[in-house]
Amino acid sequence: MEKGRDAAAGCVKKVMVAIDESEYSYHALIWALDNLKEVIAGSSLLIFAAQPNPDCFHTYGAHFGSSRTSNPIPAGRSLVSKVVEQKKELSLHLLEKARSICLNRGVKAETITEAGEPRELICNAVEVHKIDLLVVANHPTGFPKSVFQGSLGDYCSKNAKCQVLVVSKQE
């Protein structure tokens, strides 16, 4: 509890906001900029976007007269590398949009992106960049995903070596 009061008092040195293409993560970013002004003003803000691994290791080809999903074939290297490049471009665009939001609110932010499993990358970035407060969005998930995989906020709360603030968007 003592640690929580320190964060509220402005003793947090580094804040990281994890974003993706969802409206929920941008809501979390804007919420953090609006509600943590004092903390962010006297510290360093880092915006992180993960590039998820491509899930195109198999494509589905169809022979004349057959169902399109009946014949899985391995995806070629060129297809996989094209998907990876597109995900990188998307992440860079997301970070540029987030940086623009920060600048419009008078906050200078550093941005980084990495490729891999987002949950693990976020927790690793917390350690590497010595983050004191991680801000993540609460994404509504479907029943199977929430039961078997859990949410990003839950994962980060258990595994990130810093305080974690999960921001929910009111519908």
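Colleague: Before we turn to this predicted model, which heavy-atom distance defines a contact?

Modeller: In this predicted model, two residues are in contact when heavy atoms lie within 4.5 Å.

Colleague: How many helices and strands does the protein have, and in what sequence do the elements run from the N terminus?

Modeller: The protein has seven helices and seven strands. Read from the N terminus on, these elements run α-β-α-α-β-β-β-α-β-α-β-α-α-β.

Colleague: What is the order of the strands in the open sheet?

Modeller: The open sheet holds five strands, and their pairing is parallel. Its edges are formed by strand 5 (109-115) and strand 7 (163-167), each of which pairs on one side only, while the twist from one strand to the next averages 25°.

Colleague: How many bridges join strand 2 to strand 5?

Modeller: Strand 2, which covers residues 44-51, runs parallel to strand 5. Along this pairing Leu46 stands opposite Glu110 in strand 5, and Ala49 stands opposite Thr113 of that strand. The number of bridges joining strand 2 to strand 5 is seven.

Colleague: Which residue of strand 2 stands opposite Ala18?

Modeller: Strand 1 and strand 2 run parallel and are joined by six bridges. Within strand 2, the residue that stands opposite Ala18 is Phe48.

Colleague: Why is strand 2 described as largely enclosed by the rest of the structure?

Modeller: Across the protein, 36% of the 171 residues count as buried, a class that requires under 20% relative accessible area. Helix 2 (residues 23-35) lies across strand 1 (14-19), strand 2, strand 6 (133-137) and strand 7, and helix 5 (residues 118-128) packs on the sheet, touching strand 1, strand 2, strand 5 and strand 6. Strand 2 is called largely enclosed because, of its eight residues, the number buried is seven.

Colleague: What angle does the direction of helix 5 make with that of strand 2?

Modeller: Helix 2 runs at about 140° to strand 6. For helix 5, whose contacts with the sheet include strand 2, the angle with the direction of strand 2 is about 155°.

Colleague: Over the ring of which residue does the charged end of Lys97 sit?

Modeller: The structure holds zero aromatic pairs. The charged end of Lys97, however, sits over a ring at 4.3 Å from its centre, and that ring belongs to Tyr26.

Terms used
Residues numbered from 1 in each chain as written. Predicted model: local features only at pLDDT ≥ 70, side-chain atom pairs only at ≥ 80, totals over all residues. Heavy atoms only, no water. Phe/Tyr/Trp six-rings, centres within 6.5 Å; stacked < 30°, edge-to-face > 60°. Lys NZ or Arg CZ within 6 Å of the ring centre and 35° of its normal. Helix = DSSP H or I, 4+ residues; strand = E, 2+ residues; numbered from the N terminus. Buried < 20%, exposed > 50% of the residue type's maximum accessible area, 1.4 Å probe, protein only. Pairing = 2+ DSSP bridges. Axes fitted to C-alpha atoms, helices over the stretch in contact; angles between N-to-C directions.
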